[in-house]
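Visitor: I'm new to this one and would like a hand reading it. Could we go through it feature by feature?

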Amino acid sequence: DQESATLGDHLADPQAVARWLDKRPNSFWALSLHARHLMAEQKWEQAKTPLTKLISLYPAHAGEDNAYQLLAQVHRTLGETQQEMQVLGTLAKQSADAADAYSRLMEIGMEHKGWEQVAENGRRYLAVYPMLPAVHQRLGRASEELGQEEQAVDSYRRLLLLDPADPVDVHYRLAKLLQSRDPAGAKRHVLEALADAPRFREGHRLLLTLSEKEASA
């Protein structure tokens, strides 16, 4: 539009953007540029003001490099994890395809053992991009921790189809989950784990347990 075109002549001049903002305090473009200039100068606390105002004035704007993402970046840089989660949580509700927000919320959840948060955002992420192994791994782990065994088994089985970085761990976790309901399946998975890692002690212990149960059945 005319405003962005006119302002475009002064993109690299923070003072020109500030003057423009004085006259048009609710300008989307001026607020965005002002925030970016402040972030580029590492003035993180000051950058919060235009970003918060952008979110207040244009809450539905969740496109590329939106104010939610930029404000979350500011909070992350300042080590303000709780505030970062709040901003990303709002973005996740505003947009059905905010994959970066879902990913970061999962990452924070894994760090702080917030398994419900990991599970919720894992499901959101997979609704957008269903083929990422790391997300299936995190969702499987969260489901395990939440006692949701069916969901965990489903996640780990899907993960095995996607060539995971650590198939030994996935087979072992599946074996543990299946040892009561499907001993034969559990044994297959632990043998798969041991085929790739013959010295895997926990795998050998689980195989011994399964073999003893099988013998006494």
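Guide: Let's begin with how elements get their names: helices (H or I, at least four residues) and strands (E, at least two) are DSSP runs, numbered from the N terminus. With that in hand, Pro59 sits in the loop between α4 and α5. Before going on, note that this is a predicted model, where local features need pLDDT of at least 70, side-chain atom pairs count only at pLDDT 80 or more, and totals for chains, interfaces and linings use all residues. Residues are numbered from 1 along each chain as its sequence is written, and side-chain values use heavy atoms, with hydrogens and water left out.

Visitor: Does Pro59 count as buried, partly exposed or exposed, and what does Pro59 touch?

Guide: Buried means under 20% relative accessible area, exposed over 50%, and partly exposed in between (1.4 Å probe, protein chains only). Pro59 has 36% relative accessibility, so it counts as partly exposed. Contact means heavy atoms within 4.5 Å. Not counting residues up to four places away in sequence, Pro59 touches Leu54, Tyr68 and Gln94. The C-alpha atoms of Pro59 and Thr90 are 9.4 Å apart, although 31 residues separate the two along the chain.

Visitor: Which other residue has its place in the loop between α4 and α5?

Guide: Asp65 is in that loop between α4 and α5. Asp65 has a positive phi of about 50°, although it is not a glycine. Its relative accessibility is 42%, so Asp65 counts as partly exposed. Asp163, in the loop between α10 and α11, also isn't a glycine and has a positive phi of about 55°. With 66% relative accessibility, Asp163 counts as exposed.

Visitor: How many residues does the largest nonpolar core have?

Guide: In soluble globular proteins, nonpolar side chains tend to be buried together. A nonpolar core is a set of buried Ala, Val, Leu, Ile, Met, Phe, Trp, Tyr and Cys residues joined through side-chain atoms within 4.5 Å. Here the largest has 38 residues, and Met39, Ala47, Leu51, Val74 and Tyr125 have the most contacts inside it. Elements giving two or more residues to this core include α3 (28–40), α4 (44–57) and α5 (67–77). A second, separate core has 16 residues, among them Tyr156 and Leu206.

Visitor: What does Leu51 touch?

Guide: Leaving out residues up to four places away in sequence, Leu51 touches Ala35, Met39, Ala67, Leu70, Leu71 and Val74.

Visitor: At what angle do α3 and α4 pack?

Guide: Axes are lines fitted to C-alpha atoms, for helices over the stretch in contact, and angles run from 0 to 180 degrees between N-to-C directions. For α3 and α4 the angle is about 155°, and the axes are 8 Å apart. That makes α3 roughly antiparallel to α4 (angles under 35 degrees count as roughly parallel, over 145 as roughly antiparallel, 65 to 115 as roughly perpendicular and the rest as oblique). Residues making the contact include Phe28 and Leu31 of α3 and Trp44 and Ala47 of α4.

Visitor: And at what angle do α10 and α11 pack?

Guide: Helix α10 (residues 149–160) and helix α11 (residues 167–178) pack at about 150°, with axes 10 Å apart. They are therefore roughly antiparallel to each other. Among the residues in the contact are Tyr156 of α10 and Val170 of α11.

Visitor: Last one: is His75 buried or exposed?

Guide: His75, in helix α5, has 7% relative accessibility, so it counts as buried. Apart from neighbours within four places in sequence, His75 is in contact with Lys48, Glu80, Gln83, Glu84 and Val87.
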